[in-house]
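Let us walk through this model one part at a time. We begin with a single chain, then turn to the contacts between chains.

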Amino acid sequence: MSDVVSTGSTTRVSLTVNGVRHDLDLPARRLLSDALRHDLRLTGTHVGCEHGVCGACTVLVDGAPMRSCLLFAVSLDGAEITTVEGCRSADGGMGPVQQAFHECHALQCGFCTPGFITTITAFLDDNPAPTRDEAREAVSGNLCRCTGYVNIVSAVERAAELRREPTP
Amino acid sequence: MTTRMVGEPVKRVEDPRLVTGNGRYLDDLGHDAFEVAFVRSPHAHARVVDVDVTDALDVEGLVAIYTYEDLVADEEEHGTRVAQALPLLIPHPTLTHGRTQHALANGEVNHVGEAIVMVVASDRYAAEDAVERIRVDYEFLTPIVGVEAARAAEHLVHDDVPGNVAARMVQETGDADAAIDAAPHRLELDLAIERSASMPMEGKGVHARWDADDESLTVHTSTQTSTSVRQAVAAKLNLPVDRVEVVTPDVGGGFGVKIVHPWPEEVLVPWAALRLGRPVKWTEDRREHFVSSAHERGQLHHVRVGYDDEGRLLGLSVKFWHDHGAYIPYGLIVPIITSTQLLGPYKPGAYRVEFESLYTNTVIVTPYRGAGRPQGCFVMERTMDAIAADLGLDRALVRERNFIQPDEMPYDQGLIFQDGRQLLYDSGDFPGSLAKLKELVGWDDFAAYREQARAEGRRVGIGMACYVEGTGVGPYEGGHIRVETDGTVVVSTGLTTQGQGHQTMLAQIVADELGVPFERIRVTTGDTRRFKYAVGTFASRTAVMSGSAVAVTARAVREKALRIASDALEAAVEDLEIVDGNVRVKGTGENGASVDLGAVAVLSNPLRYAFDEAAKRATQFAAPADPDKPPVAEGESPGLEASQFYSPPRSTFANGMHAVVVETDPDTADIKVLRYCVVHDCGTLINPMIVEGQIHGGVAQGVGGALYERMEYAPDGQLLNASFMDFLMPYASEVPEVEIDHLVTPSPLNPLGVKGAGEAGVIPGAAAIAAAIEDAEGITIRRMPISPSELFHLRLENQEAGS
Amino acid sequence: MKPPAFTYHRPATVQEAVQLLDAHAGEGAKVLAGGQSLVPLMSMRLAAPGHLVDINHVAGLDTVEVTSTGVRVGALARHSRVEHDAAAFAALPLLRQALGQVAHPTIRNRGTTVGSLVHGDPAAEMTAVLAVLDGEVELVGPHGSRSVGAADFFVGPMETEHADAEVAVAATFRRPPAGTGSAFVELARRHGDYAMCGVAALVTVDADLAVTGARVGLISVGAGPVVVDLGPAVSGSGGGVDTPRARELVDAAIDPEDDIHATATYRRHLAHVLTERAVAQAHEAARGTRRSAA
């Protein structure tokens, strides 16, 4: 029987997060956001609403942005997950989207920022040279209370430029 | 040559940490702490008859359940004051009936969301399991919801507050009623603004750790004032203040709601940590934030105004009703600000303002970015537009005719402001700002554009709104700066940061004042272990208050460095300068004798022990010394450091003007902002990039408050839209690009010439957008926010009235 | 906001899933597919299924097939998969036209089209699309499988003809006659929100570009998707759709309610305006199909 059952106890889940495989024993109801933050202590993923509207908890699941607060970790057995920590450059510094946010002043308190970084990273994979309207559309599923979005839209354009530049 | 940092769009030092996921917000702490959840009232007004926890007791992971009775018992046993009502933070003589809540309800709940039972468990999942199983019996009381119900006072929120009135306040200059009655033209307007909220992306949160061996308590809280939380927690827990420290981690936005303190949880979580001997944490979830933090903006206003044939104000009388919710811990700040700041850049003639602050069975009202000013601006600017419409005059012209002129500065409005000081405008050039705004938006050409659009079947309209904003409210802020022996400059200020880039902005000031490279400066805010005297971050005050404090502190450190270096360099203090962190003789250039500040720091601290290489130079046998002088000169202290405070006589007044172009859909009544133009004057700009970011964010909140955000209370006191699904904060798709021009009239009140910039962007949003919709539609707009559905119904009413 | 505990099942086949649902039907067993509606309801503790049967690991459900009769979407096909499927778009442009307005891309990456139909939110775009295209939902239960047409499937708000022990394995969106153009027009408070009103429209023209049929499906103006056959509003040869008559037909079919975002009166007005716009766009698209066929 291939039926995996979990009750009050825990279920074994294998997640590859930012390229590192983790085998975790988690209660079935553990949200992916909590598993990342409190079990793996990758606290870059933030929780802003826990009902899937604000986008602060957005991570990439097998390359596609999803709300980690709307996913049970147990359901993602075998998935590849990328968090904001995984959007850094190879040397641990700022990756291109992160660098663009810094250059464009696209963050203030920084709480929503990780969700934007992951969303934009995936967006630019699909659309490496967006127009400003496309850039705005791409970030229109994430809430930010500080910036008024003007500089976030600019950061999408700047990140696209940075990704096109040859790495020195 | 060191580049001057103040005035430059310096990239933020905060960013590399925050963008890579290395920020440290409240819930990033204490992964192993016990977690808290609350039983909160589902009813707006009720007596708590019984709390039955039986079913919760076998929840796996449950640690403790506390009710009000436990707090009372604790008071008897330990002398704590956790059971007593929370403090009334800002008393005022007219606040005759101030009532504040208890940390846990003491027998009566006055709004949906009020905490009744605290559950502590192994994690939040378990805590919520227990909460779900606790049964509370209520005896229902009549809920009072909305200003009208509160005024009618057929039922009372608090039995001992007659008429539901906490305060009635009047200010008057001249005889407004007589002036209005004598005026050639008169108008009366009823104007309303509905409730919104700060709604930071991170809710509140508290983590507390009691060290029993050290008898010390460390509290992390997502607050706008760590120093005052520290005092409040110590008082509540009956602990010596000396044993309590409060640290602000990274804070995911505040916008006002986190200046209120101590929140019930800021008292209860440390108390539980103390009693349980284990770290305890509470992370507010979004639903809790909606129903148990704070809202703002809800006010009804009645205006009487008299004016001459040119549209000049002769008399203005405003009466308004402020819905402050179930309790009033933050006092009358919001309505006082409305009542004074609604005057904006204008001379009102005789002015009378009266307000009542009313209890309702809804969430408390405390300042949200703008803090009463958006309402005041709405009242005044709608009045200006109404006068222009009445006289058939250009709306900009009417404003211009009422402006205070630059040569009238400083200008005394003759009222008392929110800080208890005179409402005295220190500087500003309102005609200059208006000229810039008209140029930026193309005001004079718009009529032609509007007609052209009409011909194409489109409806466009333009509106403008002006404001004056008292910023940099006292009483004081301070700074501490120490130069380490490696030349690092460590800066501390007591107020807190919620994303405004304070570390960057303050480092820019210190770099210039001290003459050190920006990169060598480290700034800490909101950590009482580092700086114990502060007020907090609100009222656009950090650049003014801590900026000035840090500037004067840097100057003191500089003087001390020069005194020490003058011995080492054998030169007079007045011949020395500090460039790039090196003290040198003026005019000798880079090749002359110099001593770096790290070395000065070594020399400043005479040592017995050579604990590292640098220290050797300061030990007692290292160099010949004057045997007749003490190693630390009289009046000096060891260390290259200083602490100074800045306390201004009164607020400094920033100002700005916004113009908006909207398009309304003739069929669907959908409303779209096409252009948003801002002219802004906050005095000297320390970091224009950060100032513009503040304006962008404020404008987005202004657009939200005008078109999307409102707290929808049902008559029974249920908040119908307590989620991000239904409380509509704008996404990028709803916010326009923002066009900004600056005017700089420095403040004469502080050493930097700065004025606050944090709240400005939000203030005129509702007023300007209402004006633009009115212009597009030809329909009078008297209440905001406005939705397409409401605009549609206004059109229907207008058609009926016209037919 | 943390979900209550539940027993988790991860079946490998539809049959296993059905057995589990059947066995635990009395304990509120539910299917977990995309979870984009279910999980927030659980986190708010507005839903507390005792068992979750996670079908995300069932093979063969992640399908989008274009057949001679229409487009068949499997239970695990995410909205975004359906939206970006080129063959499905070629066969039924309305799918992409509507899916582009379902929440935000991040939600569409996980949420499933079939799950959205089963959830039965009267504001959900795809309910109107299924209804206007006269599609059907395939349900597999302990007693076998059955197909339920859209007209019978949507029973009321958040209520569908889907039994507790059944798995909705697919939905088929039926291909309309040749010469049909489509459009989806909606108005939401914010981009990506549930619409205050939305209209899926189909307009069919003959080879001479005369309208031969028109049909709309509306959301947020009734207990479920409201389909209105605008045939009676189609005027004679060479003509289009008569707007006043179309309004009357729509008016008679819908039953909007007040909520905090819009009054019933306003929704009714929107139903008129958006129907007109959607029909105009669909009409233009229909002409396009004939022109490109020519």
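Of the 168 residues of chain A, 68% count as buried. The model is predicted, and the totals for chains and interfaces use all residues.

Start with the layout of chain A. It has five helices and six strands. From the N terminus on, the elements run β-β-β-α-β-β-β-α-α-α-α. The radius of gyration of chain A is 17 Å, close to the 15 Å that the globule rule gives for 168 residues, so chain A is as compact as a globular protein of that length. Along its principal axes, the C-alpha trace of chain A spans about 50 × 35 × 25 Å. Now take the contacts in chain A with a separation of 6 or more. Residues 24 or more positions apart account for 58% of them.

Chain A splits into domain 1, residues 11-86, and domain 2, residues 88-164. Over C-alpha atoms, the centres of domain 1 and domain 2 of chain A are 21 Å apart. Domain 1 of chain A brings 18 residues to the contact, and domain 2 of chain A brings twelve. On the domain 1 side, β4 (58-61) and β5 (64-67) of chain A are the elements that give two or more residues. The largest share of that side comes from β4(A), with three residues. By class, the domain 1 side of chain A holds eight nonpolar residues, nine polar residues and one charged residue.

Next comes the contact between chain A and chain B. Here 47 residues of chain A meet 44 residues of chain B. Look at the chain B side. Both α1 (15-19) and α18 (688-707) of chain B supply at least two residues to it. Helix α18(B) gives the most, with six residues. The side of chain B that touches chain A has 20 nonpolar, 14 polar and ten charged residues.

Chain B also touches chain C. That contact takes 25 residues from chain B and 18 residues from chain C. Three helices of chain B, α3 (124-133), α8 (286-292) and α20 (788-802), each supply at least two residues to the chain B side. The largest share, five residues, comes from α3(B). What is the make-up by class of the side of chain B that touches chain C? It divides into seven nonpolar, six polar and twelve charged residues.

Stay with chain B for a sheet. Strands of a sheet pair through backbone hydrogen bonds, either parallel or antiparallel. In chain B, six strands form an open sheet in the order β7-β15-β14-β13-β8-β29, with mixed pairing. The edge strands are β7 (165-173) and β29 (783-784) of chain B, and each pairs on one side only. Strand β14 (residues 313-325) and strand β15 (residues 350-359) of chain B pair in the parallel sense over ten bridges. Which residue of β15(B) stands opposite B:His322? The residue is B:Ser357.

UniProt, in an unreviewed entry, lists residues 1-178 of chain C as "domain: FAD-binding PCMH-type". This span of chain C is 33% helix and 25% strand. The C-alpha atoms at the ends of residues 1-178 of chain C lie 50 Å apart.

Terms used
Residues are numbered from 1 along each chain as its sequence is written. Chains are lettered from A and ligands numbered from 1 in the order in which they are written. This is a predicted model: local features need pLDDT of at least 70, side-chain atom pairs count only at pLDDT 80 or more; totals for chains, interfaces and linings use all residues. Two residues are in contact if their C-beta atoms, placed from the backbone, lie within 7 Å. Helices (H or I, at least four residues) and strands (E, at least two) are DSSP runs, numbered from the N terminus. Ala, Val, Leu, Ile, Met, Phe, Trp, Tyr, Cys and Pro count as nonpolar, Asp, Glu, Lys and Arg as charged, and the others, Gly among them, as polar. Two strands pair if DSSP finds at least two bridges between them. The radius of gyration is taken over C-alpha atoms; the globule rule is 2.2 Å times the number of residues to the power 0.38. A residue is buried if 20 or more other C-beta atoms lie within 10 Å of its own, exposed if 12 or fewer, and partly exposed in between; C-beta atoms are placed from the backbone. Domain bounds come from an automatic or database domain assignment. UniProt positions are given in the numbering used here, feature names are shortened, and annotations may be inferred rather than shown by experiment.
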